[in-house]
Amino acid sequence: MTKDTTYHARSKQRHQRSHSRSHRRKKQTPRIIHVSIRSGPKKSVMDKNARVLDKDMQSTATHTENLSKIMDDTELSNKSTYSTKAFGLHAYQPSTFLNLNQYSSNRILPEIDGHSMMSTQSSNPVKSKIFHLRSSRIDTTKDYHCNMTQKKKTKYKNIRIGVLILLGLILLLSLIIIPSVLLTRTKPKTTFKEAVLRWNPSGTTVAGITGQTGITNTTLNMPYTLAIDYLNTLYITEYMCHRVQRWFRDASSGTTVAGNVNCIAGSNLTELRNPATILLDSDNNMYIADSGNARVLFWPNGSSSGSVVAGTGFLSNGSNQPYTAFGISRDTESDTLYVADYGNSRIMCYLANATSATVVAGGNGVGLGSSQLYTPTSVNFEASSNSLVITNYPADNVVRWKIGDNSWTLIAGSTSGIYGSTSSLLYFPLSTAIDPMGNVYVTDTLNHRIQFFSLNETNGTTIAGVATIPGIDATHLNSPYGLALDNQLNLYVADTINHRVQKFLRY
């Protein structure tokens, strides 16, 4: 075979292969050219990001136009028509492709993938530059970071809420459980030592002169009853001198505060006759049982005269007036005055500002019966039991009569009028005192002693004097009539026949 023949044969083969390729190219499916458009590197300033992105997009647009021209030339040369199949894509326009103002953070810029044209057989060739903006990638990038931040905030918020709820539950349980435990647990029993009340058996003279009587300010004439104020100032009624003396603590003489200084009796409002019992209110105003005048006087502190608050000044057997006002007591809460009507064997009750009284105890004639009284010489109102402690002088006993009851119960002495010097008997008791614990102190007058009766006990203890033995020394008494206690429960005794007041210290 010649050289020319070989050349022509090879040319023919190349032509056939070229024709075969062209024929196959006409039958092949459309080609897809992928173009990816990526954003520039991350920048921290938004304007710089925008400039770089715009520049990259312009370059990409230019490059895409060149590709389009190449594709157009290829189409013409192959006599093929291309059309674009729109998949909801938009032609690139810088002004509408990406709104740069919507990004205000320094996050990574979105990736943009431009999908090239897809050639198909069409009778109307159309040239277009179509790019597929992967808006989902843009939104996903932005939303991813926003959602991460939101998730963190939500997570921390949930943690905070959980912690607060836990703390609230702990606090609630504490408020419920701790008080319940404190209230339900067994409290140890606290035992208090029984108060021991003891007094020095040797007394000290604080007013008067032992065995001396007179009308001077240094002497006393049959001191009858006592009252003591918060400064331990003594107020003393002198039964036979018809006056009230005030004796300051540690003083050697007294001052007349009611009645005549020279011991002259009288019935006008500046005078007294045989004053028996005296009371003080919180302002040191005096209530005086002016027994010889059958009345009770209210004598203001510092005044030279008194006013009648009970009785008329005349002996009376009437239902609303006393015959002999001997003992008095007062309910400070209601300002009710109680009067021991010695002559009528009853206790009269005067309400505040009342001019007439009602009988609250006795009034059934003189006698030893439980519904009767026997010439009572003293009365003490006890607020804690709402009762009256009454001394029946000739009946040799001390009884308790609750307000509203019709009879009394025995505190000390005999119910049948038997006198004696044992621990359970009395001999002409004249007055009483009550301490805050309800213990009763009795002047056992003709036994020359002071008896102490614990609450609910009928056997007494001698705390001053010597039973049945009168005397003038420090350990003896002679017919004591009255007594009083200061705020330390020191005992003051009107040692009547010795014309003095003795103080027995509690220890």
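Student: How many salt bridges does a search of the whole structure find?

Tutor: The search finds seven of them. Keep in mind that this is a predicted model.

Student: What makes the contact between Glu238 and Arg243 a salt bridge?

Tutor: The cut-off is 4 Å between a side-chain nitrogen of Lys or Arg and a carboxyl oxygen of Asp or Glu. In the pair Glu238 and Arg243, the closest N and O atoms are 2.4 Å apart, so the pair is within the limit and counts as a salt bridge.

Student: And is that pair buried or exposed?

Tutor: Buried means under 20% relative accessible area. Glu238 has 0%, and Arg243 has 0%, so both residues are called buried.

Student: Why is the contact of Asp341 with Arg346 called a salt bridge?

Tutor: The N to O distance there is 2.9 Å. The limit is 4 Å, so this contact qualifies. Asp341 is buried, with a relative accessible area of 0%, and Arg346 is buried too, at 7%.

Student: Why is Asp335 called partly exposed?

Tutor: Asp335 has 30% relative accessibility. Partly exposed is the range between the buried limit of 20% and the exposed limit of 50%, so that is the class Asp335 falls in.

Student: Let's turn to the backbone. What is noted about the phi of Asn232?

Tutor: Asn232 is not a glycine, yet its phi is positive, at about 65°. This residue is in the loop between β6 (223-228) and β7 (234-238). Its relative accessible area is 12%, under the 20% limit, so Asn232 is buried.

Student: Which phi does Thr375 have, and where does Thr375 lie?

Tutor: Thr375 has a positive phi of about 35°, again without being a glycine. You will find Thr375 in the loop between β17 (358-362) and β18 (376-382). At 14% relative accessibility, Thr375 is under 20% and therefore buried.

Student: Now the surface. Which residues form the nonpolar patch?

Tutor: The patch is formed by Tyr156, Ile159, Val163, Leu164, Leu166, Leu167 and Ile170, with about 690 Å² of accessible area together.

Student: How much space lies in the largest pocket, and which residues are closest to its centre?

Tutor: About 1400 Å³ of space lies in the largest pocket. It is lined by 45 residues, and the closest to its centre are Leu279, Asn380, Ala433, Ile434 and Leu485.

Student: Which strands supply at least two residues of that lining?

Tutor: They are β6, β10 (275-280), β14 (325-331), β18, β22 (429-434) and β26 (480-485). β18 gives the most, with six residues.

Student: What is the lining of the largest pocket made of?

Tutor: Its residues divide into 21 nonpolar, 16 polar and eight charged.

Student: Why is Thr332 called exposed?

Tutor: Exposed means over 50% relative accessible area, and Thr332 has 56%, so the word applies. Thr332 is in the loop between β14 and β15. Thr332 and Ala383 are 51 residues apart in sequence and 9.1 Å apart in space, C-alpha to C-alpha.

Student: And what makes Asn344 buried?

Tutor: Its relative accessibility is 18%, and the limit is 20%, so Asn344 counts as buried. Asn344 lies in the loop between β15 (336-341) and β16 (346-350). From Asn344 to Thr324 there are 20 residues in sequence and 7.6 Å in space, C-alpha to C-alpha.

Student: Where is Val296, and why is Val296 called buried?

Tutor: Val296 lies in strand β12 (residues 295-299). At 1% relative accessibility, Val296 is under 20% and therefore buried. Val296 and Pro275 are 21 residues apart in sequence, with their C-alpha atoms 9.5 Å apart in space.

How values were computed: Residues numbered from 1 in each chain as written. Predicted model: local features only at pLDDT ≥ 70, side-chain atom pairs only at ≥ 80, totals over all residues. Heavy atoms only, no water. Helix = DSSP H or I, 4+ residues; strand = E, 2+ residues; numbered from the N terminus. Buried < 20%, exposed > 50% of the residue type's maximum accessible area, 1.4 Å probe, protein only. Patch = residues over 30% accessible without salt bridge, like charges linked within 9 Å, V, L, I, M, F, W, Y side chains within 5 Å. Areas by Shrake-Rupley, 256 points an atom, 1.4 Å probe, with all protein chains shown as cover. 1 Å grid on protein atoms, 1.4 Å probe; cavity = no way out; pocket = protein on both sides within 12 Å on 5 of 7 lines; lining within 4 Å. Points joined across faces, edges and corners; volume = space filled by probe spheres on them. Nonpolar A, V, L, I, M, F, W, Y, C, P; charged D, E, K, R; others polar.
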